[in-house]
Amino acid sequence: MKNLEFRTATSAQGGLVVMSDVPGVAAGSRVQLRDHAGRIRSGQVIRTANDTVLVEVFEGTDALDLERTWVRFLDEPFKLPVSRDMLGRVFNGSGLPRDGRPPIISADRRDVNGEPLNPAARAYPREFIQTGISAIDGMNALTRGQKLPIFSGGGLPHNRVAAQIVRQAKLLGEEASEFVVVFAAIGASHADARFFQESFEESGVLNKVVMFLNLADEPVIERLLTPRAALTAAEYLAFDLDYHVLVVMTDMTAYAEALREVAVLRGDVPARKGYPGYLYSDLAELYERAGRIQNHHGSITLIPVLSMPSDDITHPIPDLTGYITEGQIVLGRELANQGIYPPVTVLPSLSRLMKDGIGKNFTREDHPHVASQLFASYAKALDVRGLAAIIGAEDLSDSDRRYLQFAEAFERQFIGQGEDEDRNVHETLNLAWDLLSMLPHDALTRVSEDELAKYHKGVVA
Amino acid sequence: MGIILEVNGPLVKLELPQTVIGEQVRVGRIGLIGEVISRDGNTALAQLYEDTAGLCPGEEAEGLGWPLSVELGPGLLGAIFDGVQRPLQAVREKSGDRIARGVSVPALPRDTRWHFVPNPERRAGSALVGGDVLGTVQETESIQHRILVPPLIHGELLELAPEGDHTLKDVIARVKQADGRIEKLHLFHRWPVRTPRPYKQRDHAVAPLITGQRILDTFFPLLKGGKAAIPGPFGAGKTMLQQQIVRWCNAEIVIFVGCGERGNELTDVLEFMPKLKDPHTGRPLMQRTLMVANSSNMPVVAREASIYVGITLAEYFRDQGYDVVMVADSTSRWAEALREVSGRLGHMPVEEGYPAYLGSRLAAFYERAGRVKTLAGEHGSVTLIGSVSPPGGDFSEPVTSHTKEIVQTFWALSKELADARHYPAVDWLESFSGYVGSAAKWWAENIDSKWESARAEALDLLGASEELQRVVNLVGVEALSSEQRWTLESADLIKEGLLQQSAIDDADSFATPEKQFALLAAFLEINHLGMKLVKLGAPARRLIQMPLMAQARRWKNQHPSDDIAGLKAKIAAIPDAFEPLLQEYTHPAAPSITGAAATGASTS
């Protein structure tokens, strides 16, 4: 079977090719197409019957002459060669080099689809990862093995935030050197791709990064492969080589749209907004490859970045993502318009695993309470601001006016920070106390009396 | 024997004559398992519980002759199964950290020896019917496993094994059926998951399920044998609330079904559960718990099956006379699995892509909850708590709206409350319970006859405050009268001092009904005393500044449930805190300038 070439393509459309008169081809099998110019394209069997086979072609079906297309079925799933040499390299969405250097040669080739982790074999994420961004470290902390997406919108600086996280992310303590990054750009613009590459080069982290780039003008079907290739590389680095791997995938919206495009071509019944019913399962297959495994040293921490179509958090992509990931970092237009960077809207943001990665043994003992207090005080401050917008700031009580000042300072000083500003978690917490000290003692019920005595800088009310 | 004709995602078309719908099939060289969902002449369509990559048209397929069934017998408790009852620990020993396809491990260990004690009432020659107790096995310290005659068997007992150690392979009884066939019974039997297990009759649910969570027990009670739903958008604390229920509720057996949820979350459950002590016996909680775990990245068809596997296990323990709680997290993931498969089958979608049979399937599933008289004549119950994950928190979506019509208790989680870190974020305006009347009888008999009226009064207060809050949002708090401000403050006290409950604070995590009622009554008393003062002319501002108001908010953390005496002492001192102000305003001739300071005299 592997050595036979078939020239029986009967139709081609939008990246899908129908083959007829092909005996028993395995579902999911990898396919090689040779077109009339001798160019090799690769693909995958997505539906198979005794007489007809449906193949998706990663490089697309443009300029494919059906009569002069030869197809080979390789009888194995799509595999990625893996090796330590991947570090510092740049690949395209199917794992071929795009940095002008030779391809990775390795006897070890992994099925890009992976296999589901046995829930009984997982280990729970615990240790703190410092991103150097106060809004994340202080209030929505990331832990090793967590999946924490960034929800953004068109025109918001999610790529700059993602790049800053990649540049600054580190583990506290002696394991710092074992930290590497796998970066997947899905449907990225050339400008964005260059921005990421230059940003990593300038800060000297490039040799610790593996990049998979699928650009906006490259075949849509390859976008379905890009995150799988990246996660396969990450699994190898984490669970074979014991690295702590941070995977950043941007933009998952482009991925989901590619999935929808293919689903429509296949004739799948659409569920919400034209996305296929299996969008949830498909995203889960990707996201759930993050995590830790018992008796393995390494870990995969995942930050998918997605732009919410018209800033709608209830859109199927952010919605289904939120149900799979352990929280979300939400970027907001309002803050961005005020020139605040990173524009993290903290109230709808959440890190579900934060509680297990911060506090006494990880960051500082007051961290959980400070985070809770910041949330509560800022929520209250926003209520006051809403009120002030109606009745005017003059009619507010003294205490309410203090909240207004707090909100302003919190947004400018705590959330806002420089793109190159790397704050360690102690700086973040001290800054939090500076701000909380603008409020009187009795307004701070989420922190303990001892913590107030130790850290509160204001006068005792 | 049949062959594979076509492979499309998890669906496989087979040439398999004479199969019946629901029959289990084994497909292909790697031996993937699935079930037949439709048949047309000699071809059948099967959905497989595992990824179909590598399956090839032309490969063999065979019908196994039985529907998807579970094994019911000793060895269930403490186990963790996947969506089709494969034991995940044993699978791990066999196939490593990742779940290899086609791996086959029996659900219950075949080599473990169980100490069987025959039921003295059963003798050779006596008549047996399905559901009768043949004997017992002390499966864990906490739970005695009753070995049942399978429901459909009845006849004459020919032989029963004497007391001794047996494995599941051993025959422990022989029964001569009415038609003369001799049936060999083991310590376990099988039951098809999509068929509800029979019982004698349905009974009224009478006792509330105590979860120790104040907003649930006090405000929106659930009865043992009842149906409840927890709808909530992501990030509203659904998982935490469920874990609290699993941990603290006073059921004898707890079954947790993780259906399409996060792997790390399941790990959290799998890691913390074995460490937990059963609050009622002090023994490990796992001794009375079992889990069905099918994380979101595991195959979709097994996800669809997982809640049926869970509910069948629950019914089995119910039939032994136990009170069982099953938590299904999440029924939305189950419904989506249904949608995913129906989409691939090309069924006409109705709402949001869901098939037309969504509502009837959901209703039939929830109907498997209930308190019953078992075939053996005892009482047992299955309480069903299903979580719902409405897309975007929109409660009008199909799964939530269907569920709302079916369940009696509805614990609605609110994103706004969660954003303000008010946990558990159960929205007191959206939630409801149809069991208040029955629960009131229990509270009146066991705790206090004023429970029902106190609960209603507190809910009124919360409702009134919600309206006032709207006014405040428009014109500011200064525009309210003193009475209104005091209402607002009292409602805040109830929210912070009673409704908010910390899962991670040992003193607060669980509250006995006594503590719940004591706090409720105390806050209502504060409200009454304050209102009396306001009516006498005291400004609400002075009342709000009383140290008591801040102190009362911390009582829940300062007094664990076993320190009711300490709590009651503080409650008894409430009138003292109001006394100085009361003096001042009942004798207005002698105004005290230091009034505010004097109120600080109460204990903290």
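This is a predicted model: local features need pLDDT of at least 70, side-chain atom pairs count only at pLDDT 80 or more; totals for chains, interfaces and linings use all residues.
Domain bounds, as used here, come from an automatic or database domain assignment.

**Domains of chain A**

Chain A is divided into domain 1 (9-76), domain 2 (80-356) and domain 3 (367-455). Taken over C-alpha atoms, the centres of domain 1 of chain A and domain 3 of chain A are separated by 60 Å.

**A helix pair in chain B**

In chain B, helix H11 (residues 451-475) and helix H13 (residues 513-536) have axes that come within 10 Å and cross at roughly 55°. Angles of 65 to 115 degrees count as roughly perpendicular and those under 35 as roughly parallel; H11(B) and H13(B) are therefore oblique to each other. The crossing in which H11(B) passes H13(B) is left-handed. On the side of H11(B), the contact is made by B:Trp451, B:Ala454, B:Arg455, B:Glu457, B:Ala458 and B:Leu461. H13(B) contributes B:Phe517, B:Leu520, B:Leu524, B:Asn527 and B:His528.

**Cysteines**

Over all chains, the structure holds zero disulfides. A disulfide requires a pair of cysteine sulfur atoms within 2.5 Å. For B:Cys249 the closest cysteine sulfur, in B:Cys259, lies 20 Å away, so the distance is too far for a bond. The sulfur of B:Cys259 likewise has its closest cysteine sulfur in B:Cys249, at 20 Å, again too far for a bond. Both residues are listed below with their accessibility.

| Residue | Relative accessible area | Class |
|---|---|---|
| B:Cys249 | 0% | buried |
| B:Cys259 | 0% | buried |

Notes:
Residues are numbered from 1 along each chain as its sequence is written. Chains are lettered from A and ligands numbered from 1 in the order in which they are written. Side-chain values use heavy atoms; hydrogens and water are left out. Buried means under 20% relative accessible area, exposed over 50%, partly exposed in between (1.4 Å probe, protein chains only). Axes are lines fitted to C-alpha atoms, for helices over the stretch in contact, and angles run from 0 to 180 degrees between N-to-C directions. Helices (H or I, at least four residues) and strands (E, at least two) are DSSP runs, numbered from the N terminus. Angles under 35 degrees count as roughly parallel, over 145 as roughly antiparallel, 65 to 115 as roughly perpendicular and the rest as oblique. A crossing is left-handed if the near helix is turned anticlockwise from the far one by less than a right angle, and right-handed if clockwise. Contact means heavy atoms within 4.5 Å.
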